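Welcome! Please take a look at the structure below before reading on.

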Amino acid sequence: MPVRPELLAMAAEMQLWRRHLHARPEIAYEEHETADFVARLLADWGIEVHRGLAVTGVVGTLKAGTGKRAIGLRADMDALKIEERNDFEHRSRVPGKMHACGHDGHTTMLLGAARHLARTRQFDGTIHFIFQPAEENEAGARRMVQEGLFERFPVDAVYGMHNMPFLPEGQIAVRPGPVMASSDFFEITVNGKGAHGAWPHTGIDAIGIASELVLAFNHITARTVNPLDSAVISVTQFHAGHANNVIPESAKLSGTTRAFSTALQDHIESSMRRVCEGLGAAYRAKIDFNYQRRYPPTINHPEQTEFAAQVATGVVGPSNVLRDEPPVMGAEDFAWMLLEKPGSYVWIGNGPQHQGGSMLHNPTYDFNDRILPIGASYWVELAERWLSPHATHR
Ligand SMILES: [Zn+2]
Ligand SMILES: [Zn+2]
């Protein structure tokens, strides 16, 4: 079934919700008003509301029939620490905070679907609408999982959706396997020995050693990773020194790494550690290496992804389903949910014409309201088909 007429009829109302949320951005674990807004609407529609998971998380539970199957549909609610540069009516009213990743739109699309499904109840089983906090940097999905999301709200599959400005308006990109990369952070301190700039031989040059580390990290990605795999090690901070004629005693490096598999994450971490130990020993410096695992790669499960692709095809038509979009090196905390349950994460095109194609996390970005009924229809169709009394999948 294509975009639902009932959801098209709800477009103006969804736009109001979306703009209401856009004007009131809240960042990680501070989504109190957003959560109140979501919870109030869900309750108004007769959906059972559960609050407090991962501080501000909201889960709405809707049952119909006697079926035992269950599905989780997830939206993120948090904004970013960005000063909005738009001047339209619904621009952020909070200095320094902005919905620059479209989570206002994601929340709204899931609300639209929830309202329609609560009215019509044309399914057999349980839908959990998962509104998560803190997708940006603070791993709200992991925290929900750790606090018992899937024990309290068991599902057979979990699905996520994110808008993408460079994809055509309303087209849906679906692919199995890795779609977004891991994101880890590292911090390194090279402890050498300070010296007068004119007597380098009396010291241990932390800047020189740290510089060799930067080059060695490039060697790891260029020469020890299969060229058909993708890996990134980016040194993004390099701090050392305070005077022209003093060799400082230490230098600090930090940055991020990206990969599409846990095995490659392991390889990157162990290779960086080995290089630090080896160069430290070679130059008599003590190198502290701190590597933090943050987000795993987002890996779509094949069967659930094929299901998502068929649903998307039903909603937007085969020519608007993109099955060959390449993965991106950004990270997404929905990855944590896909480690627990099978499922799939899709992109919906925000349209390169909208806001001049302003990219996610840009101060002139805005979610495209025209895609609200499309995204909401995808959710409705997904839930109804997954929980169809005649379903052949499990
Ligand atoms: Zn983002
Ligand atoms: Zn986002």
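## The zinc site

Along the chain, the donors of the zinc ion (ligand 2) follow the spacing C-x1-H-x58-H. Keep in mind as you explore that this is a predicted model. The protein donors of this zinc ion (ligand 2) are Cys 101 through SG, His 103 through NE2 and His 162 through NE2, and they lie 2.1 to 2.3 Å from the ion.

Are Cys 101 and His 103 buried or exposed? Both residues are buried.

## Helices H2 and H4

Let us move on to a pair of helices. Helix H2 covers residues 11–23 and helix H4 covers residues 103–120; the two pack at an angle of about 145°, and their axes are 9 Å apart. The crossing of H2 with H4 is right-handed.

Which residues meet here? From H2 come Glu 13, Met 14, Trp 17, Arg 18, Leu 21 and His 22, while H4 brings Asp 104, Gly 105, Thr 107, Thr 108, Leu 111, Gly 112 and Arg 115.

## Helices H7 and H8

Another pair is made by helix H7 (residues 206–223) and helix H8 (residues 262–283), which pack at an angle of about 145° with axes 10 Å apart. H7 and H8 cross in a right-handed way.

On the H7 side, the contact is made by Ile 209, Glu 212, Leu 213, Ala 216, Phe 217 and Ile 220. On the H8 side you will find His 267, Ser 271, Met 272, Val 275, Cys 276, Leu 279 and Tyr 283. The contact of H7 with H8 has 10 nonpolar residues, 2 polar and 1 charged.

## Helix H9 and its surroundings

Helix H9 runs over residues 302–316, which makes 15 residues, and spans 21 Å from its first C-alpha to its last, close to the 21 Å expected at 1.5 Å a residue. After H9 comes Gly 317, with a positive phi near 90°.

The buried residues of H9 are Gln 304, Thr 305, Phe 307, Ala 308, Ala 309, Val 311, Ala 312, Val 315 and Val 316. What do they pack against? Their partners are strands S5 (157–164), S6 (172–173), S14 (298–300), S15 (321–322) and S16 (343–349), along with helix H11 (372–386).

Ile 374 lies in helix H11. It counts as buried because its relative accessible area is 15%, under the 20% cut-off. Leaving aside residues up to four places away in sequence, Ile 374 touches Val 3, Gly 170, Val 315, Val 316 and Ile 348. Ile 374 and Val 315 are 59 residues apart along the chain, and their C-alpha atoms are separated by 7.5 Å.

## Two loop residues with positive phi

Finally, have a look at two loops. Asn 137 lies in the loop between strand S4 (125–132) and helix H5 (140–146). Asn 137 is not a glycine, and its phi is positive, near 70°. With a relative accessible area of 49%, Asn 137 is partly exposed.

Arg 284 is found in the loop between H8 and strand S13 (286–295). Although Arg 284 is not a glycine, it has a positive phi of about 60°. Arg 284 is exposed, with a relative accessible area of 64%.

How values were computed. Residues are numbered from 1 along each chain as its sequence is written. Chains are lettered from A and ligands numbered from 1 in the order in which they are written. This is a predicted model: local features need pLDDT of at least 70, side-chain atom pairs count only at pLDDT 80 or more; totals for chains, interfaces and linings use all residues. Side-chain values use heavy atoms; hydrogens and water are left out. Axes are lines fitted to C-alpha atoms, for helices over the stretch in contact, and angles run from 0 to 180 degrees between N-to-C directions. Helices (H or I, at least four residues) and strands (E, at least two) are DSSP runs, numbered from the N terminus. A crossing is left-handed if the near helix is turned anticlockwise from the far one by less than a right angle, and right-handed if clockwise. Contact means heavy atoms within 4.5 Å. Ala, Val, Leu, Ile, Met, Phe, Trp, Tyr, Cys and Pro count as nonpolar, Asp, Glu, Lys and Arg as charged, and the others, Gly among them, as polar. The expected span of a helix is 1.5 Å times one less than its number of residues. Buried means under 20% relative accessible area, exposed over 50%, partly exposed in between (1.4 Å probe, protein chains only). Donors are N, O and S atoms within 2.8 Å of the metal (3.2 Å for Na, K and Ca); water is not among the atoms, so sites may look incomplete.
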